Amino acid sequence: MVKALVLATTNRKKIEEIERILGAFSIPLLTPANFPKWPDIEENGNTFEENALIKARAVYKLTGTLALADDSGIEVEALGGRPGIFSARYAGEPANDKNNYEKLLFELQGQSHRTARFQCSLALVGKNIERTFDGTCEGWIADFPRGQNGFGYDPIFYVPELQMTMAELPDEIKNTLSHRARALEKFQAYFLAHFI
């Protein structure tokens, strides 16, 4: 029986979003705040999945507790898939959401082809367990930022079927269709089938 699950991320906004999406999850969710010595993890994979596995393995090794890691970002077709795995630090250090999406908007100036997708890979690592779960959300890049909700590239990611950016959507709607929500839905189905 699994007693707890560690969310293997130091990104407070991701933690809050995962906690909201999972809702009344059947086991306690632990975070870096529960562990005094959190590892400094070098994300040197070539894909979202590889980076998620690197983080989950490191946190499981540290804590001995089943770990769930997220690696996610935005891919823009006109930029050859950039920023991709470099989404969080696209504009350089210190990492800043506004600087990142402003750099992306600058690179797309005059570009009419603005198709993009959010990608998320989750990795679950524990004793004799390594599983990944992927989620994608299709849209395009808006001409300018809109909305106050969300984080990351949400203000410029336009969801055509709703005619809003992710940052204009209330949490209860975003958390049914986002890339992270779709990956977490697959994770939760697997977890409930194998651990509960």
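Biologist: Is Glu 17 buried or exposed?

Modeller: Buried means under 20% relative accessible area, exposed over 50%, and partly exposed in between, using a 1.4 Å probe and protein chains only. The relative accessible area of Glu 17 is 2%. That is why Glu 17 counts as buried.

Biologist: And before we go on, what kind of model is this?

Modeller: Residues are numbered from 1 along each chain as its sequence is written, and side-chain values use heavy atoms, with hydrogens and water left out. Local features need pLDDT of at least 70 and side-chain atom pairs count only at pLDDT 80 or more, while totals for chains, interfaces and linings use all residues, since this is a predicted model.

Biologist: Which residue forms a salt bridge with Glu 17?

Modeller: A salt bridge needs a side-chain nitrogen of Lys or Arg within 4 Å of a carboxyl oxygen of Asp or Glu. Here the closest N and O atoms are 2.6 Å apart, and the partner of Glu 17 is Arg 180. The two belong to distant parts of the chain, 163 residues apart: Glu 17 sits in helix H1 (residues 12-22) and Arg 180 in helix H5. Helices are DSSP runs (H or I, at least four residues), strands likewise (E, at least two), numbered from the N terminus.

Biologist: How far apart along helix H3 are Lys 98 and Glu 102?

Modeller: These two form a salt bridge, with the closest N and O atoms 2.7 Å apart. Lys 98 is partly exposed at 46% relative accessibility, and Glu 102 is partly exposed at 36%. Both lie in helix H3 (residues 97-107), about one helical turn apart because their separation is four residues.

Biologist: What sort of aromatic pair do Phe 187 and Phe 191 form?

Modeller: Rings of Phe, Tyr and Trp (its six-membered ring) pair if their centres lie within 6.5 Å; planes under 30 degrees apart are stacked, over 60 edge-to-face, and the rest tilted. The whole structure has eight aromatic pairs. For Phe 187 and Phe 191, the centres are 5.6 Å apart and the planes make 50 degrees, so the pair is tilted.

Biologist: How many disulfides does the structure hold?

Modeller: A disulfide is a pair of cysteine sulfur atoms within 2.5 Å. For Cys 120, the nearest cysteine sulfur belongs to Cys 137, 11 Å away. The count of disulfides is zero.
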